[in-house]
Amino acid sequence: MSREKENSEKLKRFSQDLGASLFGIADVTRIRKEFYLDKGLASKFDRGISMGKRLIVPVIDEIKDRPTQLYFHHYRQLNFFLDRAALLLSSHIQELGHQALPIPASQVIDWEKHRGHLCHRTVGALAGLGWRGRSNLLVSPELGARFRLVTVLTDMPLAADMPLEDDCGKCRACLKPCPAQAIKEQREDFDYRACYDKLQEFKRSGIVGQHVCGVCVKACPGFSKI
Ligand code: SF4
Ligand code: SF4
């Protein structure tokens, strides 16, 4: 086994011991210029480690046509979990003599474009965890869209995974339930504005304190369950 492959396997075991449900490694050399990071800093990192944590099913079950307070709490707890997992993995990589940068699971730094330091879904897709669905979420064959993601950038020599070639196929399960009618036949037609306005409405109504919804997450439980 190559040194890169061996390193990848070790980090995968480490992340599984932390409780991560999904793990993959992306070659980020083609997308790192899009990161909202200092160019000199971003250019140090060739690999993006993508970790996912599965959502708890009964929390999702409570959602009907809007987010619930239980879901909002759960959403934040998953972000805490993922941020901590990213911190511990980064610290482990540093102890092994390499550099690692944990990217916050949910931190908006450009409010106008509603963007974080990077797009975790894009890194997750490159890392082979799933594909970008009609809902604009990352869809895993096993978990659907019912997970959250975090990324660790690193210069550690790691074997990169290959992106999946799957897509939503004939599934349309999330189109009708979307309260903003933002999800369309083609992902390119996804209506960002309508989705954002609906999230604003949920936030203004006081149901949740952040831009969360959960309806399209619920509608996408994985191909074996649709
Ligand atoms: S987050 Fe809510 S409003 Fe936005 S696409 Fe998903 S279901 Fe529709
Ligand atoms: S519910 Fe179906 S159509 Fe919507 S993102 Fe998931 S797999 Fe794709």
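**The shell around ligand 1**

In this predicted model, the shell around ligand 1 divides into 9 nonpolar residues, no polar residue and 1 charged residue. The residues around the ligand are C178, P179, A180, I183, F190, C195, K198, C213, V215 and C216.

A pair of aromatic rings is described by the distance of the centres and the angle of the planes. The count of aromatic pairs comes to 2.

Y71 and Y75 both belong to helix α4 (residues 69–95), where they are 4 residues apart, about one turn of the helix. Y71 is buried, with a relative accessible area of 5%, and Y75 also counts as buried, at 11% relative accessibility.

**Aromatic pair F190 and Y192**

The rings of F190 and Y192 have centres 5.1 Å apart and planes at 80°, so this pair is edge-to-face. F190, which is one of the residues around ligand 1, is buried at a relative accessible area of 10%, whereas Y192 counts as exposed at 53% relative accessibility.

**A charge over a ring**

A lysine is also placed against an aromatic ring: K53 lies over the face of F81, at 4.8 Å from the ring centre.

Terms used. Residues are numbered from 1 along each chain as its sequence is written. Chains are lettered from A and ligands numbered from 1 in the order in which they are written. This is a predicted model: local features need pLDDT of at least 70, side-chain atom pairs count only at pLDDT 80 or more; totals for chains, interfaces and linings use all residues. Side-chain values use heavy atoms; hydrogens and water are left out. A residue is near a molecule or strand if one of its heavy atoms lies within 4 Å of it. Ala, Val, Leu, Ile, Met, Phe, Trp, Tyr, Cys and Pro count as nonpolar, Asp, Glu, Lys and Arg as charged, and the others, Gly among them, as polar. Rings of Phe, Tyr and Trp (its six-membered ring) pair if their centres lie within 6.5 Å; planes under 30 degrees apart count as stacked, over 60 as edge-to-face and the rest as tilted. Helices (H or I, at least four residues) and strands (E, at least two) are DSSP runs, numbered from the N terminus. Buried means under 20% relative accessible area, exposed over 50%, partly exposed in between (1.4 Å probe, protein chains only). A charge sits over a ring if NZ of Lys or CZ of Arg is within 6 Å of the ring centre and within 35 degrees of the ring normal.
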